[in-house]
Amino acid sequence: MKRTLIAASLMAASCVYPVAAAEINDKGARTLKESLIHFLPDTVKSTGFLTVKPAGERYEISYDFAKLLKSINKKDFTVSGLRPYSVFAAPLDNGQWKFNSDSDMNFTVKGKMPDGKPTNISYSVTDMVFSGIFDPAISYLRSGEATSGPIRMVSKSGKEEVEASFAGMNYSLASTASAAAGGTDFTGKGSFLRFYERVATPETPPIQIRAESLDFDVGVQGVMAEKIRTLVAFMLELVKDEKPSQAEIAKLKDLIRGAMPFFTALSEKISFNQFTVASPLGDFGVNKLDYLFTMSEPAAATRIGFGARVENISTPAGIIPPLYAQLVPDMAEVEVGIADLNFQRFIDTLMEMDFSKPVPLPEAEGERLGKAFLDDGQLTIDFPRVAAKSALYDIEASGKVKGYPEEKERYTLETSILARDVDKLIQYFQAAAKSDPEFNQASFALMMAKGMAKTEPDGRLRWDIKFEDGKSFSVNGQPIQ
């Protein structure tokens with residue numbers, strides 16, 4: 001499946017101007033081929049790895065990557081089993097193209113690593129099927145569907161071995177007009193089924209990792225696709241010039257400014273379902289493991305966020321002492337982000353620099369570029385949600401930290417903590433202290449915290465905490481010495 005997406009991406013990246021729908025013939029095949037290889041280096045074009053020929057009411061585009069590899073100095077490795085891969089392209093009346101492919105893949109790479117270890121990597125995918133609509137106006141797919149059967153990779157390097165596989169995969173891509181003028185919203189969803197990985201090294205016993213499925217959901221809103229296509233096309237032409245003119249540099253900067261902010265929002269979520277790690281100690285697992293990534297519009301106040309969530313953690317019997325086992329959360333969640341990044345000022349600062357000089361960026365200029373991201377050198381990290389829940393407790397927190405990376409003592413922390421079932425947790429600590437006196441300290445600290453809390457209308461206890469520059473500390477407005 002990876003090769004299908006690579007081929008489709010190569011077409012999307014290379015085809016930077018439209019090829020109008022017309023009669024399928026040799027002339028059209030030559031035109032389509034030229035559009036696909038136009039910006040590739042001459043050394044790549046000369047390999048003949050890409051061919052286009054009429055095939056009924058569509059064109060057959062063939063990628064022979066084995067020919068491409070022959071042009072590379074490969075004295076330390078050999079590739080076998082790599083067969084030509086075909087994508088069929090049918091012109092549509094609206095100027096777009098319908099892509100289709102259906103094939104398998106099975107190849108092996110043998111060679112040596114830089115440290116001299118013999119290496120053998122085999123990769124196979126069966127029943128690969130892909131279809132999509134490619135739009136030359138944006139040099140990308142407007143929509144697409146992909147599926148595959150089993151996917152398997154085995155890597156052996158010396159005495160180390162890694163095996164990974166999926167039972168199959170499915171993927172879909174869709175796009176719609178964005179609320180942002182001239183923008184396009186893209187969404188991609190899919191799933192890899194029954195993931196398995198085995199890692200074996202001479203130093204450690206084998207470890208096996210499994211997941212019933214790996215689901216992903218990606219979205220990018222407000223993509224300035226046509227402006228980005230124009231920018232990329234100009235940049236690809238510009239790199240051919242040994243010494244770009246000032247007019248070309250000015251044009252490049254205008255195109256970069258014109259394509260800003262590139263997109264208005266980006267989000268990604270990856271979920272492992274029924275995730276387990278089998279080791280000599282036993283099985284570790286979570287019922288669900290989520291990973292999140294978000295980014296707001298690259299502008300004057302951009303936020304880049306990360307998140308993780310786990311549900312129903314399990315460990316081998318005896319790993320966690322019984323007194324602590326009940327404290328393991330049934331659910332834990334963390335969301336954290338770097339906020340108030342000034343991408344607009346970064347781009348403005350970048351545009352002030354001289355692109356025509358083919359020398360490394362001066363250190364002073366590099367520092368100025370880095371500082372352009374931060375207002376007055378201040379870094380803001382927020383955490384809109386940190387939560388944990390079990391039969392004994394239910395707690396969540398939110399807040400932010402502002403500080404100066406070069407002045408570690410100069411920072412401000414503001415956070416709000418909300419908790420339920422505090423009395424239940426205190427009682428648990430008091431009972432556990434009969435077996436482990438260390439729990440007495442936890443019980444005493446929790447009772448003191450309860451005494452400083454405010455009670456919310458829903459019964460939860462609340463603590464608003466503020467810490468400034470290492471000098472002042474307050475809880476719910478009350479200074480703490």
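Predicted model: local features only at pLDDT ≥ 70, side-chain atom pairs only at ≥ 80, totals over all residues.
Student: Let's start with the whole chain. How many helices and strands does the chain have?

Tutor: The chain has 11 helices and 23 strands. Its C-alpha trace spans about 85 × 55 × 50 Å along the principal axes.

Student: How much of the chain is buried?

Tutor: Buried residues make up 38% of the 481 residues. The chain exposes about 26,600 Å², and carbon and sulfur atoms supply 57% of that area.

Student: And what do the contacts say about sequence separation?

Tutor: Take the contacts between residues at least 6 apart in sequence: 60% of them join residues at least 24 apart.

Student: Now a residue. Why is G188 called buried?

Tutor: Buried means under 20% relative accessible area. G188 has 6% relative accessibility, so G188 counts as buried. You will find G188 in strand β11, which covers residues 184-200.

Student: Which residues is G188 in contact with, leaving aside its neighbours within four places in sequence?

Tutor: They are Y171, S172, L173, F216, D217 and V218.

Student: Where is N476, and what is its phi?

Tutor: N476 sits in the loop between β22 (472-475) and β23 (478-479). N476 has a positive phi of about 50°, and N476 is not a glycine either.

Student: Why is N476 called buried?

Tutor: The relative accessible area of N476 is 17%, and the cut-off for buried is under 20%, so N476 is buried.

Student: Let's turn to charges. How do you know that K466 and E414 form a salt bridge?

Tutor: A salt bridge needs a side-chain nitrogen of Lys or Arg within 4 Å of a carboxyl oxygen of Asp or Glu. The N to O distance for K466 and E414 is 3.8 Å, so the pair meets the definition. K466 lies in strand β21 (residues 461-468) and E414 in strand β19 (residues 407-420), so the bridge ties together parts that are 52 residues apart in sequence.

Student: Are K466 and E414 buried, partly exposed or exposed?

Tutor: K466 has a relative accessible area of 32% and is partly exposed. E414 is at 35% and is partly exposed too.

Student: What makes D464 and K454 a salt bridge?

Tutor: Their N to O distance is 3.6 Å, and the limit is within 4 Å, so the pair qualifies. This pair links strand β21, which holds D464, with strand β20 (residues 454-455), which holds K454, and the two residues are 10 apart. D464, at 22%, is partly exposed, and K454, at 39%, is partly exposed.

Student: How do you know that R462 and E456 belong on the list?

Tutor: They meet at 3.8 Å, N to O, and that is within 4 Å, so they count as a salt bridge. R462 is partly exposed at 21%, and E456 is partly exposed at 23%.

Student: What makes R309, E311, E333, R385, D394, E396, R420, D458 and R460 one network?

Tutor: Their salt bridges share partners, and that joins them into one network. A search of the whole structure finds 21 salt bridges.

Student: How many charged side chains are there?

Tutor: There are 55 positive and 63 negative side chains, with the centres of the two sets 4 Å apart.

Student: One last topic: which residues form the nonpolar patch on the surface?

Tutor: Y291, F306, I338 and I381 form it, with about 300 Å² of accessible area together. Of these, I338 lies in strand β16 (residues 331-341). I338 has 30% relative accessibility, between the cut-offs of 20% and 50%, so I338 counts as partly exposed.

Notes. Residues numbered from 1 in each chain as written. Heavy atoms only, no water. Patch = residues over 30% accessible without salt bridge, like charges linked within 9 Å, V, L, I, M, F, W, Y side chains within 5 Å. Areas by Shrake-Rupley, 256 points an atom, 1.4 Å probe, with all protein chains shown as cover. Helix = DSSP H or I, 4+ residues; strand = E, 2+ residues; numbered from the N terminus. Buried < 20%, exposed > 50% of the residue type's maximum accessible area, 1.4 Å probe, protein only. Contact = heavy atoms within 4.5 Å. Lys, Arg positive; Asp, Glu negative; His and termini not counted. Charge placed at Lys NZ, Arg CZ, Asp CG, Glu CD.
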